[in-house]
Amino acid sequence: MLLGRILDEKFASLYRGGKIHGGVFIGRGQEALSVAIGSSLRQGDVFAPLIRDLAGRLSFGEPILDAVRNYLGSPKGPMRSRDGNVHRGRPREGLLPMISHLGAMIPVVNGVLMAHRFKGLASTVGATTIGDGATSTGAFHEALNQAAIEKLPLILVVANNQYAYSTPTTRQFACKSILDRAVGYGVAGAETDGTNLSDCLAVIGQAVQNARAGNGPQLIVASLLRLCGHGEHDDAGYIDPELKQSPLGRDCLKLAAQKILDQAWSDQAALDRWQASTVQQVEEAVATVQREAGPDPYQEEWCALACDRLREGFEDV
Ligand SMILES: Cc1ncc(C[n+]2csc(CCOP(=O)(O)OP(=O)(O)O)c2C)c(N)n1
Ligand SMILES: [Mg+2]
């Protein structure tokens, strides 16, 4: 969580300094939920993160350098300078590169899970996240229905952060809770407090266990508030001040730190050391990438690292 927060803040700062072109999208306030997904999965599982999932990516095993190289346009990055922010991944390691069209990652995860089934790979699961706004897309409905019919081991986590851009949830759906939709599709559903790490770990851990045991798709709805703009270009001035003061507006990172102190699992001095060493880790990664040469279009073979197989003349031996 700490690494995700500090790295996100570094990207925001580089963006403000004009060092990152395009958009920067951060997950401030959503780290507990995201980390709970990444750390509940294991090798062989599939994770399809969304824009606010840097913390989840890191806990699933994405190297810090992948994120930094992608944002700073290094040709050593997973997408070789073609993408400037979040559409990166390592498909062979189960980390799927993000498609921006909302809802589109769910059928992709379904497809991978079907392929696992055809190959006879047992007990792997696939998890993906989606925002409250994106639950209204056609892709979401079609894919959840497909997963339900095929009884796929899909864990679909909805981060209900109360807004889609500036549109509040009252303008997005008329049902009381997004969880009501689980009933309509015949899938299991559970709610979690997205600001509370322990709760997220318990609920998502259980959902992963259920999916792995063959109980079909699991819909998790987490309530929280986006503690930042949609992207770093957005000052989020439209967010209701009452929501900020409500329990939804609590900072999951501060709550987790407080719990560590309350339970006497560690002390403030240790938390301060973690903070300092994480800042150092991030600064070193950024310095490393800033020393790397930029892309050279004349030397480039124009093939993404992820898809050798699509290259003309590629032979699978
Ligand atoms: C199908 C589709 N429609 C519109 C967009 C543009 N868009 C990108 S993010 C976003 C808002 C998403 O809100 P939500 O799903 O609540 O996620 P959040 O940003 O709050 O995490 C929109 C409308 C898109 N990427 N895909
Ligand atoms: Mg939202």
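Helix packing and ligand surroundings in a predicted model

Biologist: Is the crossing of α4 and α11 right-handed or left-handed?
Modeller: The model is predicted. Helix α4 covers residues 64-72 and helix α11 residues 268-290, and their axes come within 9 Å. The sense in which α4 and α11 cross is right-handed.

Biologist: Which residues of α11 meet α4?
Modeller: The α4 side consists of Ile64, Leu65, Val68, Arg69 and Leu72. By class, the residues of this contact are seven nonpolar, two polar and one charged. On the α11 side the partners are Gln281, Ala285, Val286, Val289 and Gln290.

Biologist: How are α5 and α6 oriented to each other, and why?
Modeller: The axes of α5 (residues 105-119) and α6 (residues 138-150) come within 8 Å and cross at roughly 25°. The cut-off for this class is under 35 degrees. The orientation of α5 and α6 is therefore roughly parallel.

Biologist: What is the handedness of the α5 and α6 crossing, and which residues of α5 make the contact?
Modeller: α5 passes α6 in a left-handed crossing. From α6 the contact takes Ala139, Phe140, Ala143, Leu144, Gln146, Ala147 and Glu150. The contact residues comprise eight nonpolar, two polar and one charged. From α5 come Ile106, Pro107, Asn110 and Met114.

Biologist: How many charged residues are in the contact of α2 with α8?
Modeller: Helix α2 (residues 31-40) packs on helix α8 (residues 197-212) at about 35°, the axes being 9 Å apart, and the crossing is right-handed. Ala32, Leu33, Ala36, Ile37 and Ser40 of α2 touch Leu197, Cys200, Leu201, Ile204, Gly205 and Val208 of α8. Nine of the contact residues are nonpolar and two polar, and the charged count is none.

Biologist: Which residues come nearest to ligand 1?
Modeller: The shell around ligand 1 holds 16 residues. Six of them are nonpolar, seven polar and three charged. Those that come nearest are Leu102, Gly131, Gly133, Ala134 and Ala164.

Biologist: What radius of gyration does the protein chain have?
Modeller: The protein chain has eleven helices and seven strands, and its C-alpha trace spans about 55 × 50 × 40 Å along the principal axes. For 317 residues, a compact globule would be near 20 Å. The chain agrees with that, because its radius of gyration is 20 Å.

How values were computed
Residues are numbered from 1 along each chain as its sequence is written. Chains are lettered from A and ligands numbered from 1 in the order in which they are written. This is a predicted model: local features need pLDDT of at least 70, side-chain atom pairs count only at pLDDT 80 or more; totals for chains, interfaces and linings use all residues. A residue is near a molecule or strand if its C-beta atom, placed from the backbone, lies within 6 Å of it. Ala, Val, Leu, Ile, Met, Phe, Trp, Tyr, Cys and Pro count as nonpolar, Asp, Glu, Lys and Arg as charged, and the others, Gly among them, as polar. Axes are lines fitted to C-alpha atoms, for helices over the stretch in contact, and angles run from 0 to 180 degrees between N-to-C directions. Helices (H or I, at least four residues) and strands (E, at least two) are DSSP runs, numbered from the N terminus. A crossing is left-handed if the near helix is turned anticlockwise from the far one by less than a right angle, and right-handed if clockwise. Two residues are in contact if their C-beta atoms, placed from the backbone, lie within 7 Å. Angles under 35 degrees count as roughly parallel, over 145 as roughly antiparallel, 65 to 115 as roughly perpendicular and the rest as oblique. The radius of gyration is taken over C-alpha atoms; the globule rule is 2.2 Å times the number of residues to the power 0.38.
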